[in-house]
Amino acid sequence: MSVRLRSTRAAAVAVASLLVLGGGAQALAAPGGDLSHTTVLHHRGHLPSSYTIPGDRTYPEGIARQQGTPYFYVGSTSDGTIYRGDVHQSATRVFLPGGQDGRVSVAGMKTDRAGRLIVAGGATGKVFVYDTGTRALLHVFDTGRSDVFLNDVALAPNGDAYISDSVHPALWRITAAQLTSTTVRQPLRVGVDLSRSPMVYNDGFNGNGLVVTGNGRYVLLADYNDYAFYRIDLRTHQVRPIDLGGAKGVSGDGLLRGDTLTAVTELDHPDGQISVLKLSHDYTRAKLVRTVHGHGMHSPSTAAFDGRDLLIVNFQFQIADPKLPFNVVRVHAR
């Protein structure tokens, strides 16, 4: 979730959650080869440069690209509606109405190889899991806390899911066994306690976008407040800051391909910023390769890979008179 939030904006997001990205796309250079998935699309042909999302108060934030299908999913922070898009069609449609199952707001989301849609529920303190084939609710994982904001989801090679928390110092974990069980309602447990780590949680939003490295050893977690990234060792629970080599203004959600981290943010950049960083072999250092602005972005929140392209969500959070329609924009990569 890439939202410019300090203390006042964090409060606004919490309230919102309880009320609950014409013409060809531009080019962005980026290496190929997703670590965890390979996109399988047949007859891609000419793909739309923009995908519209219904509603004038939708404020879409998270996105998940379902591999092996033409579908992607986008969620509303204002009422919890989840929309499904087809990469070949320019309009998205309601997939799951808002309010169902206590899902009154949604943030980050991912789909796994089994066709499950895993959705972070923001200030609800819950993670919702759905079958994308039948729309059936499979699981509700509940922290049982009100002092949380479950922000984003990352999947590990072994099938475990990790969830960032923006206001409570914890990295939450759902095991592969829990996801395959028949029990619907289950507790959401802490995977790594961050309360005494180098990642200091201050007022506002802290834990944000996250990725699991291809070897399954580390989570790379963005600290939105401090323009920082941290490497979390999932075996030892050691937390180390990632040296960004002096790069400034790098924050937001992260996507990992090989040794390249692509971070999307609107911090200080209403037209959006994509930062591409090259990581060291141990993920403790990163070098900023390039930044990209514009290309149809408008206060974006996050992105998903679609082959060599990025699908970028235009969130427009806290813009009272948002540019309509809300949309997802396609940025070509080569």
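This is a predicted model: local features need pLDDT of at least 70, side-chain atom pairs count only at pLDDT 80 or more; totals for chains, interfaces and linings use all residues.
## A buried threonine in a loop

T58 sits in the loop that joins β2 (50-53) to β3 (60-65). With a relative accessibility of 3%, T58 counts as buried. Leaving aside residues up to four places away in sequence, T58 touches I53, S76, T77, S78, Y83 and F326.

## The largest nonpolar core

The largest nonpolar core has 17 residues, and those touching the most other members are Y162, L171, L194, L210, V219, L221 and I232. The top contributor is β18, with three residues.

Take I232 as an example. Beyond residues up to four places away in sequence, I232 touches L171, V192, L194, R217, Y218, V219, L221, Q238 and V239.

## Aromatic pairs

A search of the whole structure turns up six aromatic pairs. One of them is Y51 with F72, an edge-to-face pair at 5.1 Å centre to centre and 70° between the planes. Y51 belongs to strand β2 and F72 to strand β4 (residues 71-76), so this pair ties together parts 21 residues apart in sequence. Both Y51 and F72 are buried.

Then there's Y73 with F95: ring centres 5.1 Å apart and planes at 65°, so this pair is edge-to-face. Y73 in strand β4 and F95 in strand β6 (residues 93-96) are 22 residues apart, so the pair links distant parts of the chain. Y73 is buried at 0% relative accessibility, and F95 is buried at 3%.

## Charges over rings

R84 lies over the face of Y71, 4.1 Å from the ring centre. Elsewhere, R257 places its charged end over the ring of F305, 3.6 Å from the centre.

How values were computed
Residues are numbered from 1 along each chain as its sequence is written. Side-chain values use heavy atoms; hydrogens and water are left out. Helices (H or I, at least four residues) and strands (E, at least two) are DSSP runs, numbered from the N terminus. Buried means under 20% relative accessible area, exposed over 50%, partly exposed in between (1.4 Å probe, protein chains only). Contact means heavy atoms within 4.5 Å. A nonpolar core is a set of buried Ala, Val, Leu, Ile, Met, Phe, Trp, Tyr and Cys residues joined through side-chain atoms within 4.5 Å. Rings of Phe, Tyr and Trp (its six-membered ring) pair if their centres lie within 6.5 Å; planes under 30 degrees apart count as stacked, over 60 as edge-to-face and the rest as tilted. A charge sits over a ring if NZ of Lys or CZ of Arg is within 6 Å of the ring centre and within 35 degrees of the ring normal.
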